[in-house]
Amino acid sequence: MPHRSTDDGLGGSAELSIPMAWLYAEYIADELLRTGDLMPPTSFEYRAGRDALALTIFLSDSGGELSGIRVITQLETWLALTAYDQPWQDWVRERLADEALGAERAGPDLHLARLAWQWLEETELLAPDLDAVVLDGGAPPDEDGGPQVWTPAWQLGLPLGHLAIHLF
């Protein structure tokens, strides 16, 4: 939603574009995660879940049609996109490349989506190693004492977002 100013200080007109599509996707993702009450909103894991969900919501919205009641109708689509067996990260990369070609969605919305993806890809969070093998019939690793691995933020955020959709 562009806000137009009549003077840019240089004798011409300036335009300030507000990334409403991205902000709306981020708001929906935040509401889904808060409703699920899975993580404290101040944690990095929460941010990873919010960004992964916001990317899913933003990139799956064709033509800016997402509003009001359509949110409920999209839950199944988002569940399918965030499912464990789906190549979500490849889908995000492809959609961001496709979005770059579409002038209608380019601008600050796409810029914020790319920044979120960059953070999700480049940031690693320390998480329990769920693939660790328990030897000698010992107890499974717990959150505090078990083996941990550095994991890309999207790999933690995606299942968190998926679970939040289920709980909604």
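## Salt bridges, core and surface

At 35% relative accessibility, Asp-90 is partly exposed, a class that lies between buried, under 20% relative accessible area, and exposed, over 50% (1.4 Å probe, protein chains only). The model is predicted, so that local features need pLDDT of at least 70 and side-chain atom pairs count only at pLDDT 80 or more, whereas totals for chains, interfaces and linings use all residues. Residues are numbered from 1 along each chain as its sequence is written, and side-chain values use heavy atoms, with hydrogens and water left out.

Asp-90 pairs with Arg-93 in a salt bridge with an N to O distance of 3.1 Å, the term being used for a side-chain nitrogen of Lys or Arg within 4 Å of a carboxyl oxygen of Asp or Glu. The two residues are three apart in helix α4 and are therefore separated by about one helical turn; helices here are DSSP runs of H or I with at least four residues, strands are runs of E with at least two, and both are numbered from the N terminus. Arg-93, partly exposed at 39%, also meets the side chain of Glu-121 in a salt bridge. Glu-121 is itself partly exposed, with a relative accessible area of 33%.

The count of salt bridges comes to six, and three of these pairs are set out below.

| Pair | N to O distance |
|---|---|
| Arg-47 and Asp-51 | 3.5 Å |
| Arg-93 and Asp-90 | 3.1 Å |
| Glu-121 and Arg-93 | 2.9 Å |

Arg-47 and Asp-51 lie four residues apart in helix α2, about one helical turn from each other. In an α-helix there are 3.6 residues a turn, so residues three or four places apart point the same way.

Helix α2 has 17 residues and reaches 24 Å from its first C-alpha to its last, close to the expected 24 Å, where the expected span is 1.5 Å times one less than the number of residues. Of the 17 residues in α2, 13 are buried. In the loop between α1 and α2 sits Ser-43, which is buried with a relative accessible area of 15%; a polar atom of the Ser-43 side chain lies 2.9 Å from the backbone oxygen of Pro-40.

The largest nonpolar core has 36 residues, and those touching the most other members are Leu-55, Trp-78, Trp-88, Val-92, Trp-117 and Leu-120. Such a core is a set of buried Ala, Val, Leu, Ile, Met, Phe, Trp, Tyr and Cys residues joined through side-chain atoms within 4.5 Å. At least two residues of this core come from each of α1 (20–36), α2 (44–60), α3 (70–82), α4 (88–101), α5 (108–122) and α6 (153–167), and α2 gives the most, with nine.

On the surface, Leu-16, Ile-18, Met-20 and Leu-23 form a nonpolar patch with about 330 Å² of accessible area together. Nonpolar patches join side chains of Val, Leu, Ile, Met, Phe, Trp and Tyr within 5 Å, taking residues with over 30% relative accessible area and no salt bridge. Leu-16, in strand β2 (residues 14–17), is exposed at 51% relative accessibility.

Methods:
Polar contact = N/O pair within 3.5 Å; in protein donor to acceptor, adjacent residues only side chain to side chain. Patch = residues over 30% accessible without salt bridge, like charges linked within 9 Å, V, L, I, M, F, W, Y side chains within 5 Å. Areas by Shrake-Rupley, 256 points an atom, 1.4 Å probe, with all protein chains shown as cover.
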